[in-house]
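Please review the briefing on the model shown here.

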Amino acid sequence: MGAVLKHVEYIFPDRAYTNDDLSKKFPDYDFSKFDTKVGIKKRYWVNENETALDLAEKACLKLFQYFDKNDVDFIIYCTQSPEYILPTTACILQQRLGLNTSVGAFDFNLGCSGYIYGLSMAKGLVETKQAKNVLLVTAETYSKYLHSDDKSNRGIFGDAATATLVSFDDEKNNIQNFLFGTDGFGYDKLIIKNGAAKNKIETNSEVKEYGSGNKYTDNELYMDGPEIFNFTSAVIPKFTLNLLEKNNLEMEDCNLFIFHQANQFMLDFLRKKIKAPKERFYIDLEDGGNTVSCTIPIALKRWSDAYSGEFPVKNITLVGFGVGLSWGGTVISVDRKL
């Protein structure tokens, strides 16, 4: 008996932005590489009046088509796009969804490894019998943090939200062991410097350039892409093998690998480093792009919808990595379509 991942839903904003759309705004920038090297054809961005919480609410309502919301007794909300500095957005989500006031609810601020951390906390709550049905939500609107002339990051990042139900089961336990990692030395490799306690928003913040003419200010998101790649390539392959070892698995025992969907070039590199078969290494970037903490659950749901084989599917390896620097992984099994 133990924690079971029962259902996953996701939502994108209504408006999609294709590579052709970006090419019109930046005619001197070659967006064709986003089709081939990066693997992204379109991404979705919220409008000015829409927030991550709005997306989160919609994702949860999709999930409640299959599960009685009155049975939810805990909300875990992963976001780096909170509605306010305080209160915690999970409290507002409880009210929006009309959930019982007896539920527990909290936010945690984590990026591309966030779904793994959320699964771990949900498993802990369920298996220590503090909750029976945990609603794990991820929601991000990085588009609100991007400079209008930051061509690269506008091509990479999309907005989305997901809702996952993790429940107690008397007979099954399909979420296995976890591993984590943190290296705060690289905190400034993916950062928004202004707007919190240390640095206030600057009215006339200096416009800076990086890469091939990309622009940003310290009020907006900055990503050192080469350093993020160096970190990922140095840490994640060995980490993945250690994760398998902790779960008493060999490479051939894993039926599917779903990593954080950063970009296709990086994923291809990681797959080759760990020597995973291409047919068992899932890549899902074309429609949506890098949605931060949402990429793993979206990919998991899309794989489940497309899968035509027999269930259960055992030993699905999930690995997230990115801002922090932070990484984490686990192994799950899926008994039916999610």
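The points below are grouped by topic.

This is a predicted model, in which local features need pLDDT of at least 70, side-chain atom pairs count only at pLDDT 80 or more, and totals for chains, interfaces and linings use all residues. Residues are numbered from 1 along each chain as its sequence is written, and side-chain values use heavy atoms, with hydrogens and water left out. The protein chain holds nine helices and 16 strands. Helices (H or I, at least four residues) and strands (E, at least two) are DSSP runs, numbered from the N terminus.

**Overall dimensions and burial**

- Along the principal axes, the C-alpha atoms of the protein chain fill a box of roughly 60 × 45 × 35 Å.
- Of the 338 residues, 57% count as buried. Buried means under 20% relative accessible area, exposed over 50%, and partly exposed in between (1.4 Å probe, protein chains only).
- The protein chain exposes about 15,100 Å², of which carbon and sulfur atoms supply 48%. Accessible areas come from the Shrake-Rupley method with a 1.4 Å probe; for residues, only the protein chains shown count as cover.
- Among contacts (heavy atoms within 4.5 Å) between residues at least 6 apart in sequence, 77% join residues at least 24 apart.

**The sheet containing S1**

- Five strands form an open sheet with mixed pairing in the order S1-S7-S6-S4-S5. Its edge strands are S1 and S5 (104-108), each of which pairs on one side only. Two strands pair if DSSP finds at least two bridges between them.
- Neighbouring strands of this sheet are turned by 15° against each other on average, direction ignored. Axes are lines fitted to C-alpha atoms, for helices over the stretch in contact, and angles run from 0 to 180 degrees between N-to-C directions.
- Strand S4 (residues 74-78) pairs with S5 in the parallel sense over five bridges, and isoleucine 76 stands opposite phenylalanine 106 in S5.
- Helix H3 (residues 52-63) packs on the sheet, where it touches S1, S4, S6 (133-140) and S7; the direction of H3 makes about 45° with that of S7.
- Helix H4 (residues 89-97) also packs on the sheet, touching S4, S5 and S6, and its direction makes about 125° with that of S4.
- Strand S1 (residues 2-11) has nine of its ten residues buried. S1 and S7 (residues 160-169) run antiparallel and are joined by nine bridges; alanine 161 in S7 is the bridge partner of isoleucine 11.

**The sheet containing S8**

- Another open sheet of five strands has the order S8-S16-S15-S13-S14, with mixed pairing. S8 and S14 (281-282) stand at the edges with a single partner strand each, so one side of each lacks a neighbour in the sheet.
- Strand S13 (residues 256-259) and S14 pair in the parallel sense over two bridges, with isoleucine 258 opposite tyrosine 282 in S14.
- Helix H8 (residues 264-274) lies across S13, S14 and S15 (313-322), and runs at about 140° to S13.

**Covered helices**

- Ten of the 14 residues of H5 are buried, so this helix is largely enclosed by the rest of the structure. H5 (residues 114-127) reaches 20 Å from its first C-alpha to its last, close to the 20 Å expected at 1.5 Å a residue. The expected span is 1.5 Å times one less than the number of residues of the helix.
- H9 (residues 295-306) reaches 16 Å, close to the 16 Å expected. Ten of its twelve residues are buried, including Trp303, Lys301 and Arg302.

**Backbone details and loops**

- Most residues other than glycine have a negative phi, and most peptide bonds are trans.
- Lysine 129 has a positive phi of about 60°. Lysine 129 lies in the loop between H5 and S6 and counts as exposed at 63% relative accessibility.
- Lysine 275 also has a positive phi of about 60°. Lysine 275 is found in the loop between H8 and S14 and is exposed, with a relative accessible area of 71%.
- The peptide bond from leucine 86 to proline 87 is cis, with omega near 10°; proline 87 is in the loop between S4 and H4.
- The peptide bond from phenylalanine 311 to proline 312 is cis, with omega near 0°; proline 312 is in the loop between H9 and S15.
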